[in-house]
Amino acid sequence: MGLALTIEGLTVRGDDGRTLLDIPSFSMAGGEALAIRGPSGAGKTTFLMALAGLVPCSGRLLWGDTDIAALSDAARARLRRDTLGLVFQDPNLFEELGPLDNAALAASFGPRNTRATLRTRAESLLDRFGIKADNRAAGSHSGGERQRIAVARALATNPLVLLADEPTASLDRATGEALIEDLFTEASTAGRTLVAVSHDEALLARAPRVITLIGGRIAEAARA
Amino acid sequence: MRDLWRDLPVLTQDLLILAGLLIPLILIGFILTRGTRPWTIARGILRAYPGVSAVFVALIAVSIAVGTAILAQERGLRIGSAQAADPFTLIVAAPGSDITAMLAAVYLQPSAIELLDGAAYDRIASHERVTIAAPIAFGDSWEGHPVVGTIAPFVNHLTGDLAEGRIFQTSEEAIAGAFVPIGIGEAFEPAHGHGAEAEDGAHAGFEYTVTGRMAPTGSPWDKAILVPVEGVWQVHGLADGHAEPGRIGPPFVPELFPGTPAVLVVPDTPFAAYPLRSEFTDSTMMGILPGAVLSRLHGLLGDVRQALSIMATASQALVATGVMAGLFILTRLLGRRLALLRALGAPRRFAVAVLWTHAMGLIVAGALIGLALGWIAARILGQVLTGMTDIAIDAPLGWGEVHLTAVFLSLAGFIALLPAWLGTRRIRITDLRA
C-alpha cells in the first residue's frame, strides 16, 4: 500500500523571499490518487517538487512517518530513490541510450542486490506499455513512447508514491488519454499513492480527488 | 627489500612501477564509483557529444604522441650514436678538440684537424698492445658519399665478413659501404672535396673499382666508400708510405708517411684502451675514448632529456587542463541530465562519478591513442633522422614513456575531479522543467 501524506504548515519561499507555497494543513490516505490543477504560476509544480523533497521548505511534510522536510540532502535522495517515482512534463530521457537503459536508470546507482529485479521490472513495464526493450536510442522514439519510457522509469523501482508533473502536456489527445489510463491503472493496481499536476481535463476527470491551487494556496478541493 | 627488488626481472620491475603509478587513478576510480555503475550514463554522454568527445581525445592523443615521440627519439639517438661508436675503441689524433676528432673519425663529419706524422703513427702502431693502428684519410667523395682511406684489417674489424665481394688488394680498389648505390665491378672517379664544394674532374684519370660491399654497421660508414689509404695519398700527389711501389697496408715507412688526421686503434683487449689512452696523450698527440666523449655528450643530453620530460609533462598537463575546462563547459550542457539523476535519487557522489568517468574515458582513450601515435611518429622520425645523420636510429617506445603516460593519467584523475565536482554543485532542479 502507498504512503499517506500529511502536511502541517508547509511553506516554500523563493530566492527573493516571496512565498511560493503556503499550505497550513493537508492530508491524503495511502493509495489515494490526487490531481492538482490551477492557473500558471499557482505553485502546482512547486508543490510537487516539495512533495519530492526537491525544494527547501519549512513546516512538516510527512510521507508515512518520515518528515521529508527534516531530512538531510542525502536522506531525501535515498527516499526519492527507494520510495518515490517521478514523471515530468518532458520525458527527460538520456536520448542516446536505449529504452531499457533509461527505464532501468536507477539500477546504475541503486543497491546492488536490487539491480537485476529492477531491470526485469523495467523490461516488463516497457513490454506492457508496448515499447521494445532494444538498443534503439530513446531519442528516436515518438513523443508518446518517450513519455511511456519515462513512466516505466518512474515505476521500475516499484515506488510507494508516484508524482507526475503535467505528464500529458506534450502529447496529443489520444496518446495522452492512453498514458492517463496507464498511470491510474498502474497506481490503483499496485495501491500506490498518486499525485498528478495537470491542466488536462481528461486527467482531472479520471482523478477521484482534485484540488485547485491559486497563489500558492489550496483554493478548492473536490472529490469525485 | 632492496635486494629483493634488484632480484626481480626487469619486466616485472617495470610492470610494478606502472601499477604503482596507476594506483592513485585506480583508487580515485574505486572510491568514486564504489557500488554504482556510472559507465552506462557516461557512455550516453559520449554518444550525445561525439564531435566534442573526438576533439578532446584528439588533443590529448596529439599531446601524448608528441611527448613520447620526442623522448623515444632522444633515447634512440643516444643508443644509435653509442652503437655507431662501438667499433671505435680508441682514437689517437693531434692535440685539439676531442669532440671534433671523434665527430670526424667516427661520424665522418668533415673538419679541418691537424695531422699526425709518420713518427707518431709508428709509435702507436709498434706498441705491443695495439692490434690494429689504422690511419685514415679524408678529402674526396663520390656523388655525396665520402671516400675514406684506411687499411684492410680495420675494414674487417668494422664490418666482420663482407656482405659480398672481397677486400681491396690494390690502391685502386674500393669497398662500398652497405648503402652506397654502386655495384661490385663498377668503377668511379672521386671528386675532390665534399658536398656542394666537391670538384668533379679534380682527379681526372684516376678511378677506383669496387671489389666488395660491407655489411651494415648502423653508422655513417654505411654510406662511405672505403679505399686503401695509399690511394687517397696517391691521388693527392703525396707519398704513399711505402718504399716499394704498389704495396698497400702497414707497416709504413715513417719518413714516407704523409700524415693522418687520426689513427683508429684496436687494442689487444678492450681494457687496454685506458692505459693506451694515457700513453698516447702528450704534447704531440691525444688519445680519445669515444665512449667517454659520448658519455659526456649524453650527460648533457641527459639534462636535455630531463628538460624534455618536464616540457612534455607540462604540455600534457596544459592540454589536460584545457580539456578539463572544456569538460566543465560541457557539464553546463549536461545540467538537465544531472538534475534528473538527483531528482531520481542518485547521490551527489554518483553524479560526480558520471562526470569523472566520462572525462577519464576521453583521457584514457586519448592517452592510448597517443601512445600508439607516438610509437608510429617515433618510427617515422627515427627513419628521417637515420637518413639525415646516417646513424641507425631505432626509437621504439620504452617503459619510460609508458610510465610517464601513467603519471599523466593519475594526475588527470585528480584534475578531473574538479570539473566533475563543480559540475554537480550547480545542479538546479528547475532545469528539469520543460
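**Sheets, helices and contacts**

Q: How many bridges join strand 1 of chain B to strand 11 of chain B?
A: 4 bridges join strand 1 (residues 90-93) of chain B to strand 11 (residues 262-267) of chain B, and the two run antiparallel. Strands here are DSSP runs of E, at least two residues long, while helices are runs of H or I of at least four, both numbered from the N terminus. Two strands pair if DSSP finds at least two bridges between them.

Q: Before we go on, what am I looking at?
A: This is a predicted model: local features need pLDDT of at least 70, side-chain atom pairs count only at pLDDT 80 or more, and totals for chains, interfaces and linings use all residues. Residues are numbered from 1 along each chain as its sequence is written, and chains are lettered from A and ligands numbered from 1 in the order in which they are written.

Q: Back to that strand pair. Which residue is the bridge partner of B:Leu90?
A: B:Val265, in strand 11 of chain B.

Q: And what is the strand order of the open sheet in chain B?
A: The order is 2-11-1-12, 4 strands with antiparallel pairing. Strand 2 (130-135) and strand 12 (286-288) of chain B are at the edges; each has a single partner strand, so one side of each lacks a neighbour in the sheet.

Q: Which helix packs on the sheet?
A: Helix 6 (residues 118-125) of chain B, which touches strand 1, strand 2 and strand 11 of chain B. Touching means contact: C-beta atoms, placed from the backbone, lie within 7 Å. The direction of helix 6 makes about 155° with that of strand 2 of chain B. Axes are lines fitted to C-alpha atoms, for helices over the stretch in contact, and angles run from 0 to 180 degrees between N-to-C directions.

Q: Now chain A. What is the strand order of its open sheet?
A: 2-1-4-5, again 4 strands with antiparallel pairing. Strand 2 (19-28) and strand 5 (66-67) of chain A stand at the edges.

Q: How many bridges join strand 1 to strand 2 of chain A?
A: 8, with strand 1 covering residues 5-13. A:Thr6 stands opposite A:Ser27 in strand 2 of chain A. Helix 1 of chain A packs on this sheet, touching strand 1, strand 2 and strand 4 (58-63) of chain A.

Q: Switching to helices. At what angle do helix 4 and helix 13 of chain B pack?
A: About 150°, with the axes of helix 4 (residues 50-85) and helix 13 (residues 399-415) of chain B 9 Å apart. That makes helix 4 of chain B roughly antiparallel to helix 13 of chain B; the term covers angles over 145 degrees, with under 35 roughly parallel, 65 to 115 roughly perpendicular and the rest oblique.

Q: Which residues of the two helices meet?
A: From helix 4 of chain B, B:Ile64, B:Gly67, B:Thr68, B:Leu71 and B:Ala72; from helix 13 of chain B, B:Gly400, B:Glu401, B:Leu404 and B:Thr405.

Q: How many residues of chain A are in contact with chain B?
A: 25 residues of chain A, against 23 residues of chain B. Helix 2 of chain A gives the most to the chain A side, with 5 residues.

Q: Last one: which domains does the assignment give for chain B?
A: Domain 1 (10-83 + 297-433) and domain 2 (90-288). The bounds come from an automatic or database domain assignment. Their centres, taken over C-alpha atoms, are 51 Å apart. 5 residues of domain 1 of chain B are in contact with 5 of domain 2 of chain B.
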